[in-house]
Amino acid sequence: MLRALLACFVATSVAAQWENKNVDRKIDATTQIVRTITSATLTNIGSSANSEVEWIIPESNLTKIAKMVAKVDKTVVALTETKRQDGNVFYKVSLNKPVSAGESVTIKMRCSVGEALRALPATIRQGESQMVDFNENAYFLSPYKTLKQSTVFKMPTAKVESFSDTPAPVTHNKDSIVFGEYRDIAPMSAAPLRVHFTNNKPYIVAPTLKRVLEVSMWGNLAVEEWYTIEHRGAKLKGSFSRLEYGKHPGAAPASFNSLHATLPAKADDIYFRDDIGNISTSRIMPVDRDTKTKEVIFQQRFPLFGGWKTRFYYGYNLALENVLHKTPEGLNRLKVPYASPMKDIIVEDMVVEIVLPEGVPAPEVKVGGKKIDDYDIEIRATYLDVTGRTVVVLKDKMIASPERNEELEVTFKFTTADLIWEPLYLITAFMCLFCSVIFLGRLVS
């Protein structure tokens with residue numbers, strides 16, 4: 001009993017150290033990925049300096065979060081889960097420096113959530129638009145009192161079926177709805193915020209993605225990606241009319257028949273295939289000189305409606321000099337994008353395989369600048385191999401693009417002497433063959 005009272009006292013004293021002076025939330029639901037930017041200005045109302053702030057996320061959103069980043073003064077700060085209580089997950093935000101009593105600090109939290117929109121109705125006909133339902137807390141969920149708060153909800157169009165009109169005030173202006181401004185909100189307050197609106201953006205989900213990056217020290221990086229794609233939006237009701245779709249492709253607004261990928265500008269030999277064979281209807285757009293990338297539009301054999309699935313793979317070659325560099329220590333460092341290059345796609349299970357040259361010891365792996373120790377090492381025998389190539393296998397879940405536009409770094413040791421072993425094998429093998437033929441020829445004669 002004494003411990004419980006002490007814990008309650010500590011929690012109350014921590015909450016009493018901060019006060020939300022102003023909170024601005026911007027919820028972008030223009031695609032299938034709901035992106036929320038929360039800017040919270042907190043004032044230290046305690047008697048001493050403090051460098052930690054509590055932040056709360058509903059536990060129901062935890063498995064759907066594709067990316068969550070907190071920044072203070074444009075600098076990323078650490079987020080650490082501390083506890084789970086009453087259906088909520090509590091995080092500790094570690095500030096760059098302690099905030100003195102009476103001073104304020106602004107935390108900007110970016111959170112991208114997949115599967116936050118629910119198709120309503122769950123089934124539609126070929127020519128109907130897709131309606132989705134979004135539910136959220138109208139108030140900023142916080143253990144601290146909030147003096148002032150407002151929320152702006154952004155939609156792809158101005159077509160709204162219904163939305164919550166309480167707590168007031170609520171204002172609908174074309175493709176956005178403003179909830180608030182609310183004042184003097186008690187800690188842990190909750191009120192329903194619901195919006196039912198039209199959203200025909202593709203609901204592209206990849207249950208599985210396998211990326212294979214094969215490094216050849218003779219100067220090439222071969223990239224191949226295998227996808228299983230589903231349309232997770234409202235399911236198609238009734239039969240599909242190819243005739244109607246051919247006459248009026250725009251009359252099926254909830255479907256999609258192409259995928260957009262951003263590839264390196266110097267990517268060559270691009271191919272796109274499925275279970276049937278090569279698909280030749282893709283388009284490569286001009287190179288963007290600013291970003292040094294080019295957009296590739298992969299046109300599928302048939303459109304995808306809600307509930308439909310497809311499988312395909314694509315690949316390309318890239319000159320190794322564009323992605324592999326020497327470190328001051330003489331090691332090789334490969335730098336490539338980590339996540340899928342597809343736009344606005346959610347990957348539920350991703351496997352990345354980096355096939356390194358034969359004989360390479362366990363390398364150092366980093367994602368987004370953070371060292372990764374939890375990866376598997378496999379040995380894969382390919383052509384002309386004796387012991388097999390080293391394969392680094394990374395596994396990840398709930399990846400949203402372009403949210404996870406992080407860089408994958410693989411640092412490994414491979415010298416020029418290691419490079420000439422395979423040619424020496426070939427030379428020796430052919431020399432032995434020729435000598436054997438010469439010897440046998442002389443023996444017969």
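Is Phe-240 buried, partly exposed or exposed, and what is its relative accessibility? I looked this up before anything else, keeping in mind that the model is a predicted one. Phe-240 counts as partly exposed, because its relative accessibility is 25%.

**Entry on the aromatic pairs.** I then turned to the rings, and I found that the structure holds 17 aromatic pairs. One of them joins Phe-240 and Phe-305 in a tilted arrangement, with 5.3 Å from centre to centre and 55 degrees between the planes. I noted where the two partners sit: Phe-240 is in the loop between strand E18 (235–236) and helix H2 (242–247), while Phe-305 is in the loop between strand E22 (293–304) and strand E23 (309–319), so that this pair links distant parts of the chain, 65 residues apart. Phe-305 has a relative accessible area of 4% and is therefore buried.

I followed Phe-305 to another partner, Tyr-245, and this pair is edge-to-face, at 6.5 Å centre to centre and with 70 degrees between the planes. Because Tyr-245 lies in helix H2 and Phe-305 in the loop between E22 and E23, the pair ties together parts that are 60 residues apart in sequence. I also checked Tyr-245 itself, which is buried at a relative accessible area of 9%. Elsewhere I wrote down a cluster in which ring pairs link Tyr-227, Phe-272, Phe-298, Phe-312 and Tyr-314.

**Entry on charges over rings.** I looked up two cases here. The charged end of Lys-83 sits over the ring of Phe-90, at 4.6 Å from the ring centre, and the charged end of Arg-273 sits over the ring of Tyr-271, at 4.3 Å from the centre of that ring.

How values were computed
Residues numbered from 1 in each chain as written. Predicted model: local features only at pLDDT ≥ 70, side-chain atom pairs only at ≥ 80, totals over all residues. Heavy atoms only, no water. Phe/Tyr/Trp six-rings, centres within 6.5 Å; stacked < 30°, edge-to-face > 60°. Helix = DSSP H or I, 4+ residues; strand = E, 2+ residues; numbered from the N terminus. Buried < 20%, exposed > 50% of the residue type's maximum accessible area, 1.4 Å probe, protein only. Lys NZ or Arg CZ within 6 Å of the ring centre and 35° of its normal.
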